[in-house]
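Here is a short report on one protein model.

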Amino acid sequence: MTHTVLVTGVSRHVGARMASVLAADPDISRVIGVDTVPPPSLTRDGGISLGRTEFVRVDLRSPDIAQVIAAADIDTVVHMSLVSAPSRGAGRAVMKEHNVIGTMQLLGACQRSATVRRVVVRSTTAVYGSSPRDPAVFTEDQDLEPHDGPSHGYAKDAAEVEGYVRGFARRRPDMAVSLLRFANFMGPGVDSPLTRYFTQPVLPTVFGFDPRLQFVHEDDAIEVLRRMATEDHPGTYNVAGAGVLLLSQCARRAGRLSLPLFAPAFRLLGDAARRAGLVDYSPEQVRLMSHGRAVDCSRLEAELGWKPKFTTGAAFDDFLLSRGLHPLGGVRH
């Protein structure tokens with residue numbers, strides 16, 4: 001039985017959903033959600049109720065997180081608080097501090113704890129990078145330092161975070177440490193640089209490239225996280241819906257026009273859009289839009305005896321429907 005769970009990042013949609021699902025589990029006696037700001041009133045706008053989740057305002061970069069873990073006798077930690085893009089009020093340096101230093105502090109607190117026995121960390125398939133020399137499909141055993149590995153932004157942060165998680169797992173072999181590399185989230189509640197990109201009236205693309213993309217529906221992501229938080233499945237796992245979509249297929253499904261641009265023009269447009277706060281065309285986003293990425297999820301499916309309900313195409317279609325865009329052919333599960 002899992003007694004007390006700590007969930008980080010509960011002010012954002014997926015973190016809030018995770019806390020809500022765990023709080024509804026009768027086998028979990030207590031759920032504590034932490035973040036730097038309180039969750040929005042999730043009873044408005046058709047949002048999610050956090051149920052009996054107890055919110056504690058804490059910055060993961062501070063030593064206070066250790067006090068929270070010790071005071072509540074936490075036995076399971078679900079770390080959802082990796083930020084994928086800088087906020088308007090804070091720059092890249094603050095984002096990196098939150099992601100990397102915050103994770104270091106959290107893992108340090110877990111290592112010193114006498115009660116924590118299970119740690120689940122959300123990561124991203126972006127750690128594999130995007131390059132013309134990539135394999136057709138990445139597996140979890142792939143070298144994480146390819147010639148064109150992540151050197152910018154969220155992907156670089158995630159790669160650093162994973163290094164600390166692996167070190168932590170070696171130091172505490174008595175704990176079940178699960179590292180989940182998610183493809184890009186899709187679904188009605190997801191707001192990300194990629195979902196904002198697909199809702200533009202015209203989609204800039206990199207001339208001469210039609211990358212393969214993979215998505216994971218938020219419902220499937222939550223189910224994987226729930227399983228990892230309530231069962232012992234140590235290891236590293238890719239998580240994505242079956243299949244891939246070409247960027248051109250995504251544009252057609254969304255009923256959007258594509259605007260092919262040479263890479264330098266795409267980057268200039270991205271810089272302007274980022275400064276205006278419209279869409280984040282980070283260097284890693286440009287690489288993804290050029291070379292794409294696909295991962296193999298057979299390890300996860302074998303471990304859990306489970307497959308995502310939504311394929312990559314169905315996850316994208318469900319996202320489109322939630323935005324009032326009618327995908328060609330409807331939603332396919």
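Helix 11, residues 312–322, is mostly covered, with nine of its 11 residues buried. The model is predicted. The buried set in helix 11 is Thr312, Gly313, Ala314, Ala315, Phe316, Asp317, Asp318, Phe319 and Leu320. These buried residues pack against several elements. Among them are strand 7 (184–186), helix 5 (193–198) and strand 9 (212–213). Strand 10, strand 12 (245–246) and helix 7 (247–254) are also packing partners of the buried residues of helix 11. Glycine 324 follows helix 11 and has a positive phi, near 80°.

Strand 10 covers residues 215–217 and contains histidine 217. Histidine 217 counts as buried because its relative accessibility is 1%, under the 20% cut-off. The side chains of histidine 217 and aspartate 318 are joined by a polar contact of 2.6 Å. Aspartate 318 is itself one of the buried residues of helix 11. Leaving out residues up to four places away in sequence, histidine 217 touches Met186, Gly187, Pro188, Phe310, Ala315 and Asp318.

Strand 4 spans residues 76–79. In a regular strand the side chains alternate between the two faces of the sheet. Here Thr76 and Val78 point one way, while Val77 and His79 point the other way. Thr76, Val77, Val78 and His79 are all buried.

Strand 4 pairs with strand 1 (residues 4–8) in the parallel sense, over three bridges. Within that pairing, threonine 76 is the bridge partner of valine 5. Strand 4 also pairs with strand 5 (residues 118–124), again in the parallel sense, over four bridges. There, valine 78 stands opposite valine 120 of strand 5.

## Helices 2 and 3

Two packed helices are described by the angle between their axes and the distance between the axes. For helix 2 (residues 64–72) and helix 3 (residues 92–112), the axes come within 9 Å and cross at roughly 35°. The crossing of helix 2 and helix 3 is right-handed. Helix 2 contributes Ile65, Ala66 and Ile69 to the contact. On the helix 3 side, these meet Gln105, Leu106, Ala109, Cys110 and Arg112.

Aspartate 73 sits in the loop between helix 2 and strand 4. Aspartate 73 is not a glycine, yet its phi is positive, about 50°. Most residues other than glycine have a negative phi, and most peptide bonds are trans. Is aspartate 73 buried, partly exposed or exposed? With a relative accessible area of 48%, aspartate 73 is partly exposed.

## Cysteines and accessibility

How many disulfides does the structure hold? The count is zero.

| Residue | Relative accessible area | Class |
|---|---|---|
| Cysteine 110 | 0% | buried |
| Cysteine 250 | 0% | buried |
| Histidine 217 | 1% | buried |
| Aspartate 73 | 48% | partly exposed |

## The whole chain

The protein has 11 helices and 13 strands. It holds 333 residues, of which 53% count as buried. Among contacts with a separation of 6 or more, 78% link residues 24 or more positions apart.

Key. Residues numbered from 1 in each chain as written. Predicted model: local features only at pLDDT ≥ 70, side-chain atom pairs only at ≥ 80, totals over all residues. Heavy atoms only, no water. Disulfide = S-S within 2.5 Å. Buried < 20%, exposed > 50% of the residue type's maximum accessible area, 1.4 Å probe, protein only. Helix = DSSP H or I, 4+ residues; strand = E, 2+ residues; numbered from the N terminus. Polar contact = N/O pair within 3.5 Å; in protein donor to acceptor, adjacent residues only side chain to side chain. Contact = heavy atoms within 4.5 Å. Pairing = 2+ DSSP bridges. Axes fitted to C-alpha atoms, helices over the stretch in contact; angles between N-to-C directions. Left-handed = near helix turned anticlockwise from the far one by under 90°.
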